[in-house]
Amino acid sequence: MNRRQVILDLKDLRTRFHIAEGTVYAVNGVSLTLHECETIAIVGESGCGKSVTMLSVMGLIPVPPGEIVSGQAFYRGRDLLAMSEAEMEHIRGKELAMVFQDPMTALNPVLTIGRQISEPLRVHLNMDHATAQQRVVELLEQVGIPDPKNRMNDYPHQFSGGMRQRAMLAMALACAPSVLIADEPTTALDVTIQAQIIELVTRLRDALCMAVIWITHDLGVVAGLAERVIVMYAGLVVEEASVDELYDDPRHPYTLALLAALPRIDRRRDRRLKSIPGAPPNLLVMPHGCPFAPRCEFVFDRCRAETPPLLPVAIEHRARCWYDVVNGKPFE
Amino acid sequence: MQTSQPLVKVRDLRKHFPVRRGLIIERQIGSVKAVDGITFDIAKGETLGLVGESGCGKTTAGRTILGLYPATSGQALIDGIDVHHSNREAIKMLRRKAQMIFQDPYASLNPRWTVAGIIGEPLRVHNILPDPQARAERVKELMLRVGLSPQLINRFPHEFSGGQRQRIGVARALASNPSFIVCDEPISALDVSIQAQVVNLLEDLQDEFGLTYLFIAHDLSMVRHICDRVAVMYLGVIVELAERDELYEHPLHPYTQALLSAVPIPDPKKDRSRQRIILAGDVPSPLNPPPGCRFHPRCPIAMDQCSRIQPEWREVAPGHWVACHAV
């Protein structure tokens, strides 16, 4: 179905953190493929490993205490996880760019916005000062910051939250990357500003044919943005499907439970929210069996004994579950 | 629906924070008009939602209504007691009847106190249960009621998850047997699956104890789920107030319309076919609210008079109030 080239191919990533209390099993075998110009969303609640997965790919996990135990991340045929820091520095910010959740901590408070946006231009594209200044103004216009010639000399604290996020986007887009990784970029923003940022990103990615990985916990944002969705839980992918498939025909009990726990703005209230009992698992314990078993309403013996693999359940739709929710019984 | 006096009455309430400048002599150069004239009632047993984006004044409104801040002007009455103009005895009684659940489950609990101390504080301070033994029993009851194991009574906040801490906050709010609780964004810091747990708990408690809630939030989907009526705030004033389904199905104020259209719907087909109203610019500062209608600089249908004359707060349909020249 997807005729476009694979641009990023992540295979079986495992990332752990070694801390005083023990080892945190943050990512436990995550694979995903991203095609050119495609937008995928990685969805999950806090602690599921969605951010750590992409930070690992970008080489932004501090080692120690982090450790990338195994895995390969092929970008245009080269394994990012096998590269040296020097090699990664040529790719990070140029071909793969990242936007973070809290622009106030991601931006340097003592440098002007203009200086920060021009950094990738000078470092990666060797631009001279005058050319870089001009490009910065263009970029600020592109992301919708009014009066860019003056605002580029402002400091981050002089920008509002929405504007800071736009500035971060400008920085990420500076070298026209092939892949944009957005880690919860609108979570800290008001809903009307979130709508502006989402509209901006969709417009730019369509114009630039940029692949986007959007990390979020918000199933509403995903519905409007992504072509494919990956649902994560306890460091594992538990379901992946096209966006229409995922919402129409979810197959993993966690996805089902998550959708049932959401209040709807477009409908009259018809029942109580279905909450998921218990809490996400403690990642300090080596995972064994299905991580969702303690909270799953369809759990049976095999779930606790054996971690299910990602099984195909429909066309381009996989779920990590021993139970067939459609027919109401375990798979053979 | 309402045959008796409302439990909570707010009349043209204002809260301004002075802004001072100067080294040797401090002068007031202006004020942040965080809440600039809000009026509404809350009936007994009702849940009124107060929504708006950051800086709209909803948290300040909640705190001022409870008397945590003195009011600059206007009135708030809870069960007949004037929150800002009563004697000490009346205020002490008020503190038992009206409680608050806070947004940040990490900041709202004293990290040096055990759960016993935190939940027991209202029981101690209001002399409801001076005997420590009896108090501990009551704390355990409350813990059970909010879904916490009573065995954890001597643990400290850092030993609990965010959702559990929020439950501790709920138990603390219930301890004095209040009739009115201001819930200030009680679930925004929690994961989706935990939000549902806490919301269901709040609803059960409301049914069991006949509680009245002011539910302050920015999550419009959750507000539609839990509230009976909803008020929309913008830059210190309420721009629209209506019964829940009426507001979501027939929003009249352009800001309400934009706000509702900006909320993502977890349904790809529906989300794709929506008409989104994208507002230009950012929310202006409450230090210098725009003249006339505060929303006019960002309003897609602003007319000439909007920049000069503040729109009147009118009931345009039964129970449906709006402040807008175009309505």
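Predicted model: local features only at pLDDT ≥ 70, side-chain atom pairs only at ≥ 80, totals over all residues.
Residues are numbered from 1 along each chain as its sequence is written, and chains are lettered from A and ligands numbered from 1 in the order in which they are written. Helices (H or I, at least four residues) and strands (E, at least two) are DSSP runs, numbered from the N terminus.

**Where the chains meet**
- On contacts (C-beta atoms, placed from the backbone, within 7 Å), 39 residues of chain A touch 36 residues of chain B.
- H7, H8 (191-208), H9, H10 and H11 of chain A each put at least two residues into the side that touches chain B.
- The top contributor there is H8(A), with six residues.
- By type, that side of chain A splits into 18 nonpolar, ten polar and eleven charged residues; here Ala, Val, Leu, Ile, Met, Phe, Trp, Tyr, Cys and Pro count as nonpolar, Asp, Glu, Lys and Arg as charged, and the others, Gly among them, as polar.

**The nonpolar core**
- The largest nonpolar core has 203 residues, and Val229(A) and Phe215(B) have the most contacts inside it.
- For the record, such a core is a set of buried Ala, Val, Leu, Ile, Met, Phe, Trp, Tyr and Cys residues joined through C-beta atoms within 7 Å. Buried means 20 or more other C-beta atoms within 10 Å of the residue's own, exposed means 12 or fewer, and partly exposed is in between, with C-beta atoms placed from the backbone.
- H7(A) gives this core the most, namely eight residues.
- Skipping neighbours within four places in sequence, Val229(A) contacts Ile40(A), Ala41(A), Val43(A), Val222(A), Glu240(A), Ala241(A), Val243(A) and Leu246(A).

**Helix packing**
- H4 (residues 113-125) and H7 (residues 161-173) of chain A have axes that come within 7 Å and cross at roughly 25 degrees. That makes H4(A) roughly parallel to H7(A).
- Axes here are lines fitted to C-alpha atoms, for helices over the stretch in contact, with angles from 0 to 180 degrees between N-to-C directions. Under 35 degrees is roughly parallel, over 145 roughly antiparallel, 65 to 115 roughly perpendicular and the rest oblique.
- On the H4(A) side, Ile113(A), Gln116(A), Ile117(A) and Pro120(A) meet Ala167(A), Ala170(A) and Met171(A) of H7(A). That contact is made of six nonpolar residues, one polar and no charged.
- In H11 (residues 253-260) of chain A, the buried residues are Pro253(A), Tyr254(A), Thr255(A), Ala257(A) and Leu258(A). They pack against H9 (219-225), E9 (228-233), E10 (236-242), H10 (243-248) and E13 (323-324) of chain A, plus helix H6 (192-209) of chain B.

- Asp12(A), a non-glycine residue, has a positive phi near 50 degrees. Asp12(A) sits in strand E1 (residues 6-19) of chain A and is partly exposed, with 13 other C-beta atoms within 10 Å.
- Over in chain B, Asn177(B) has a positive phi near 60 degrees, again without being glycine. Asn177(B) lies in the loop between H5 (162-174) and E7 (180-184) and counts as partly exposed, with 14 C-beta neighbours inside 10 Å.

Methods
Contact = placed C-beta atoms within 7 Å.
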